[in-house]
Structures are given as C-alpha cells and as structure tokens.
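Open the model in your viewer and keep the selection tool at hand. The stops below are meant to be taken in order.

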Amino acid sequence: MSDFRMETKCVQSGYEPGNGEARVLPIYQSTTFRYTSSEQMGRLFDLEEAGYFYTRLQNPTNDAVAAKICDLEGGAAAMLTSSGQAANFYAIMNIVEAGDHIVCASAIYGGTYNLYAHTIRKMGVEATFVDPDCTPEELEAAFQENTKAVFGETIANPALVVLDLEKFAAAAHAHGVPLIVDNTFATPINCRPIEWGADIVTHSTTKYMDGHATCVGGAIVDSGNFDWEAHGEKFPGLTTPDETYHGIVYTQKFGKGAYITKATAQLMRDLGSIQSPQNAFLLNLGLETLHLRMPRHCENAWKVASYLKGHEKVAWVSFPSLEGDPYYALAQKYMPGGSCGVLTFGLKGGRDAAVAMMDKLKLVAIVTHVADARSCVLHPASHTHRQMNDKELLEAGVQPDLIRFSVGIENVEDIIADVEQALL
Ligand SMILES: *Cc1c(COP(=O)(O)O)cnc(C)c1O
C-alpha cells in the first residue's frame, strides 16, 4: 500500500483479502495453528520458515494491524503490544543489557518516566534525563560510553513540549545509537518521525489510534534505517548468534526486519505482552477513521485553546499549534497540518480553582484518559503524576495547577459552553 496516500492507507493497508475471502479483517481468535508436518513446525520454531504457530508469538489479525501502522509511519517492520507501556519497555529492552545507559527527554508521559527512571534501573539500565529544549552541547554531555539509545516523545504528554526531532536524531546518530520516538499524540497523520531521522517509533494505540477508548494497546515500528552492524559492538544481541535459536544472527538473517524479529522472538516469547486479536480488530476500526478524526480533534482543540486564552479567569494556556506558544515554531516545522487535540491550561485561582472548575463540568468528563472521541479533563498533579514530587513534576513540564484537556470530536460550541458555565 506504500504508494497510496495516508487516507487510503488508514482504510485499506495491512489486509488484502483474496478472492472470496472476508472483506473485513477477520479476528483470528485462536491460540494456535494446525500443521500436517511435524518437521515444518520444527522449522517455524527455528525461525527457518515464517508462519504462525502460537498467538503469543504472532497472530494474523495482529500482524495485519501492525502492518497498517507500519505503512502509516513509513517503517519497514512493526509489531503490536498489549499496551503503550509494553511498547516503550520492549523498544528499549530489545537493545540494552544490564550495565547499559539511555538518554531520555525529561518531558515524557509519567508512566514512561517511572519505567525508565526506576523500573529498568532495577534491571541495571540507567537513564539520563535531559531538558528537551537543551542546547546541542548539553545534549552531547548526556552521552556515555555505554549509551545505547535516545528516547523522546513527538509531543510530550502532558507537557505538550514538541521534540526537536532533528536535534535529537543528530545527537543519537553522532554516537552510533538509534533515536526512539513515542509518536502517540501526533499520530502519523500529523507527524511521521522517521522522515525526520527517528529510527524506531512507538505508540500507545490506546489513544487516538483506537480513538474510542475501548482498548489498551501499543505498537513498535522499526524504520529499518539504523545500521546495527556498523555499530555491532554496541548491539551484540542483534549482530551475534542467538543460542536460543540455534545461533542465528538477526541482522544477517532478517535485514531490515532484524529489530522487530528479535523483539518478537525473544521479548514477546519470554515476557508475553501480546495484544489480543479482539482488541487488534477494534484498533483497526479506529485506524480506519484516524485521518478523519485527527483534523477535527486539532480544529476543536485550537478553538477551545483560543477561547481559554481570552478568558479573564485563565492564567495560561499551552497548545503547540496556537500562535505565541513556546513550541509554535517547532510545531509548524514538524506538524504544520496540526499537532493534537490535547491542550493544557491553568487558572488564576491556582490548584484549588482547577479542581473546583473540573467538578462543575457536565459534558466534559473527569477521566484518566486522553485522546479519544469524548472530551475529558485530568489534573496530572492529583492523578497520573501523583507519584512525582514537585521538582520531578516541574522537570517533566507539569505545573501543579495544570489541567490537561483532551478535546473530543463533539460540536465545539457545546464543549466551549460547558467550559464557560464551569468557569462562572
Ligand atoms: C498513554 C501513553 C503511554 C502509555 O500507554 P498505555 O497504552 O496506557 O500503556 C505511553 N506514552 C504516551 C505518550 C502516552 O500518552
């Protein structure tokens, strides 16, 4: 489907039925697959032959949806995971070992911050967090001998910092390591990080891709562009024999598919964070309208942001596509067609006024979610980021009075009217 435009890919990529087959992607609700030859099954286990044998490793429904996301991002190979957390965990663990180090933008999703600052640390992997707005020299200073990857979010949740993708890609590549970008908020409709130098793209498909708040899920897309063999000493897991598969070398056997094959064959085999085929089916329905929903999310959010900016009780508004925003220039560069449907703001009355205003909303709900069809709000300091102290909050770009507003695709006049009555 690679020659088609984004709208066509959203609807049709990943699944091409043969003559007389189901027009709609079938749900392969089966843990296992039948073979008539024991020898062939053995070849599958040795990765000598491609094929399905157990859904923890691969499933045709999941593979079709992963192929669609791969095509949307312009990648070479992709896989689904059970959640965005699993995607960001696997994306790193696939190329690091105890004793290794990663460089990470400090403005990222709270769950990912915990994962990289605390959980992988217990496994012996250290992260250095850098201000995404740092100078190239400051970024340079974060690297160590044992650095294996650089990570950031295209648009940080909830700080709404737009990552300077070219700056981060240049630093990563100068050190012979890949740039991994979580593209959850922008989606490939608004930004395709691979075109700006990212090597691996991750997603919490739970957000806009599903779009209807029905399924937790994740995805990893590999561009196929990073030359693992050129930096083989850093990535022995990809470039030296895997004894658990009779000594195959992933880069030699799978080329541009090496990274995803290893993540499937080792991490999914051993850790098992698969997406259910049922959820993958629902995710696919969401993807079919992603190109229609994203522009509406962006337009509604822009109107709500403009309204809030003019309101006397509002202290500040952050929305990268709004002129005057500190990230306006980066947003115009990397996502000129729109950023996302999420904005943040604070009230002059501070933290208490924020909580009081949220309680008065009727159409807009308080939920721990973001980026779905229904408008919702959240107060990160009391909810998603409550495990962080004030210093960590500020480093993650989260002010204590910050309200995260995920603008849905309802009629924007109704959304604004609800905000207006809550601000009275
Ligand atoms: C929600 C989110 C995640 C975590 O994804 P889950 O699907 O909830 O596990 C990771 N990154 C970003 C940017 C997110 O918004």
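**First stop: the ligand**

Select S204 and the ligand: a polar side-chain atom of S204 lies 2.8 Å from an oxygen atom of the ligand. Keep in mind throughout that this is a predicted model.

An N or O atom in the T206 side chain is 2.6 Å from an oxygen atom of the ligand. How much of the ligand's area does the protein bury? Taken alone, the ligand exposes 380 Å², and the protein buries 92% of that.

Now show the whole shell. There are 16 residues around the ligand, and the nearest are N157, D182, S204, T206 and K207. Which helix gives the largest share of the shell? Select residues 84-93 to see helix 4, which supplies three residues, the largest share.

Return to N157 and look along the backbone to P158. The peptide bond that joins N157 and P158 is cis, with omega about 5°. P158 sits in the loop between strand 4 (147-153) and helix 7 (165-174).

Stay in this loop and select L160, which is also found between strand 4 and helix 7. L160 is not a glycine, yet its phi is positive, about 60°.

**Last stop: helices 12 and 13**

Two packed helices are described by the angle between their axes and the distance between the axes. Select residues 277-288 (helix 12) and 290-309 (helix 13): they pack at an angle of about 60°, with axes 5 Å apart. Helix 12 and helix 13 are therefore oblique to each other.

Which residues make the contact? On helix 12, select G286, L287 and E288; on helix 13, select L290, H291 and R293. By class, these contact residues divide into two nonpolar, two polar and two charged.

Terms used:
Residues numbered from 1 in each chain as written. Predicted model: local features only at pLDDT ≥ 70, side-chain atom pairs only at ≥ 80, totals over all residues. Heavy atoms only, no water. Near = heavy atom within 4 Å. Polar contact = N/O pair within 3.5 Å; in protein donor to acceptor, adjacent residues only side chain to side chain. Areas by Shrake-Rupley, 256 points an atom, 1.4 Å probe, with all protein chains shown as cover. Helix = DSSP H or I, 4+ residues; strand = E, 2+ residues; numbered from the N terminus. Axes fitted to C-alpha atoms, helices over the stretch in contact; angles between N-to-C directions. Parallel < 35°, antiparallel > 145°, perpendicular 65-115°, else oblique. Contact = heavy atoms within 4.5 Å. Nonpolar A, V, L, I, M, F, W, Y, C, P; charged D, E, K, R; others polar.
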